[in-house]
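Visitor: Hi! Could you walk me through this model? I'd like to see it first.

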Amino acid sequence: MKKMLSLLLALLLMFSLTACGGGTDGDSPSGGSTGTPAGDSAGDSAGSPGGENVTAPKIVNDKGEEVGGYKIGFFYLPESDGLSAQFHRALEYCAKLTNCEIAYYDMMTFTADEISTAVETLVSVGCDGIIMISGTSPALYEYMNEQGVYYAGLTRSYNEEVANVVDNSEYNCGWLNEAGGANFEMGYGLTKVLADNGCKNIAYLAQAPGSEIGDDRVRGIETACEDLGINIVTSYRGSDYAAGASDILATRGAELDGFVSNSNGDIGIAAINMAGYTDTIQYAQVDAPSASDTESYFETGNLAATTSGNNVYVVQLYMQLFNAISGADRLFNEGDHIIPMIPSFIVTDAQGWRDSNQYIGGDVPGLVPEEVLALNSWYAPDTTVEEKEALMESYTLSDYWNLDAVVARVKAYLGEA
């Protein structure tokens, strides 16, 4: 793995000397209307995310033919959501690099019925592959098998019933191992920030028990509390985060000096401010609050820590699909359909947020073109699938995948170093 990492660094150094420069755009405009297809994009239209700053070398197969021209489907919240906007920029970047296009479907909720509608709609508009952020219905995967549509997803969606349908299907492009310790570390790391800030009595919000993601994060929070001598005063586990936060603060707020939340948006900060505990409770949140306000939350002291880089895994899912559709080596060996997920970062100040938002959540999603394309066997024919897997693993290592190192690599690619 060290050999692969050294080789990659050498390639990146060579690549950065010839890459074109430029800045990054701001937030993208809102997407399509909720619950409807949000339109297709090839990623190279004027002013599009990931367009002017991306050098897109041609990928050719063993016959010398240019590979690409595929349509990849993606369903998530509208682009007005901060993380969704980052997903869109990352996917447009991938589409630009691989001569493909993205079809979007905007969600309001992630019920089983709405997920089915999203998949059926994306299939109906001609998608060759679909990125599955959510969806555990075996019938849904059977439908994609029947329609000849490729899919890659997170291990949150991969259970025994799904495995019975997908494991022997050529359309299964593998799974990203979301449960491989990243969520535990996220919960642990956010809690450690509170401990480092002097917190001794905290509460937490998380998904209802039984959620793999929530359970892993809660284990991280509780383990950190045990290791660091923090008292858990109370907690809420369920889907109504706003009510959970309000109830905790109304009944136990005076006892708290810290709060960890898995909630989205501004729910936790709004509840703390409304209850009058802005100056007494340190707050840490998984996934940043609203994109336009997170920097100011750090500056005013409303926010002690959040995570960033949660958008990068769609690049991994995209490359799983692209490799399979193009006939390149898949990013897993036969019999092992799971690859490691690139982890997010914990950010603790406004400068860290600005850097991560610009150089990871911006036009270049943390991975420069050479890092992405090195995973494709048509582009990099002299590496085996085992070596590509080792390369993917190297991307997750802390000495390579840390905020300072990632920012330095992206700046070099953009000609800003």
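Guide: Here is a short tour, from the whole chain down to single side chains.

Guide: This is a predicted model, where local features need pLDDT of at least 70 and side-chain atom pairs pLDDT 80 or more, while totals for chains, interfaces and linings use all residues. Residues are numbered from 1 along each chain as its sequence is written, and side-chain values use heavy atoms, with hydrogens and water left out.

Visitor: Thanks! How many helices and strands are in the chain?

Guide: The chain has 15 helices and 13 strands. These are DSSP runs numbered from the N terminus: H or I of at least four residues for helices, E of at least two for strands.

Visitor: And what share of the residues is buried?

Guide: Of the 417 residues, 54% are buried. Buried means under 20% relative accessible area, exposed means over 50%, and partly exposed is in between, with a 1.4 Å probe and protein chains only.

Visitor: Which strands form the open sheet?

Guide: Six strands do, in the order β8-β7-β9-β10-β11-β13, with mixed pairing. β8 (231-237) and β13 are the edge strands, each pairing on one side only. Two strands pair if DSSP finds at least two bridges between them.

Visitor: Where do the β11 side chains point?

Guide: A305 and T307 point one way, T306 and S308 the other, and all are buried. In a regular strand, side chains alternate between the two faces of the sheet.

Visitor: Switching to helices: how do α6 and α7 cross?

Guide: The axes of α6 (residues 182-196) and α7 (residues 212-228) come within 7 Å and cross at roughly 40 degrees. Axes here are lines fitted to C-alpha atoms, for helices over the stretch in contact, and angles run from 0 to 180 degrees between N-to-C directions. The contact (heavy atoms within 4.5 Å) includes F184, Y188 and T191 of α6 and I213, I221 and L228 of α7.

Visitor: What does α7 lie across?

Guide: α7 lies across β7 (201-206), β8 and β9 (258-261), and runs at about 175 degrees to β7.

Visitor: Now aromatics! How many pairs are there?

Guide: A search of the whole structure finds 16 aromatic pairs. Rings of Phe, Tyr and Trp (its six-membered ring) pair if their centres lie within 6.5 Å; planes under 30 degrees apart are stacked, over 60 edge-to-face, and the rest tilted.

Visitor: Why is the pair of Y318 and F322 stacked?

Guide: Their ring centres are 6.4 Å apart and their planes are at 10 degrees, so the pair is stacked. Y318 and F322 are both buried and lie four residues apart in α11 (residues 313-326), about one turn of the helix. Elsewhere, F74, Y76, F87, Y104, F110 and Y313 form one aromatic cluster.

Visitor: Last one: is A374 buried or exposed?

Guide: A374 counts as buried because its relative accessibility is 10%. A374 is in the loop between α13 (369-373) and α14 (385-395). Leaving out residues up to four places away in sequence, A374 touches Y379, A380, T383, K388, L391 and Y395.
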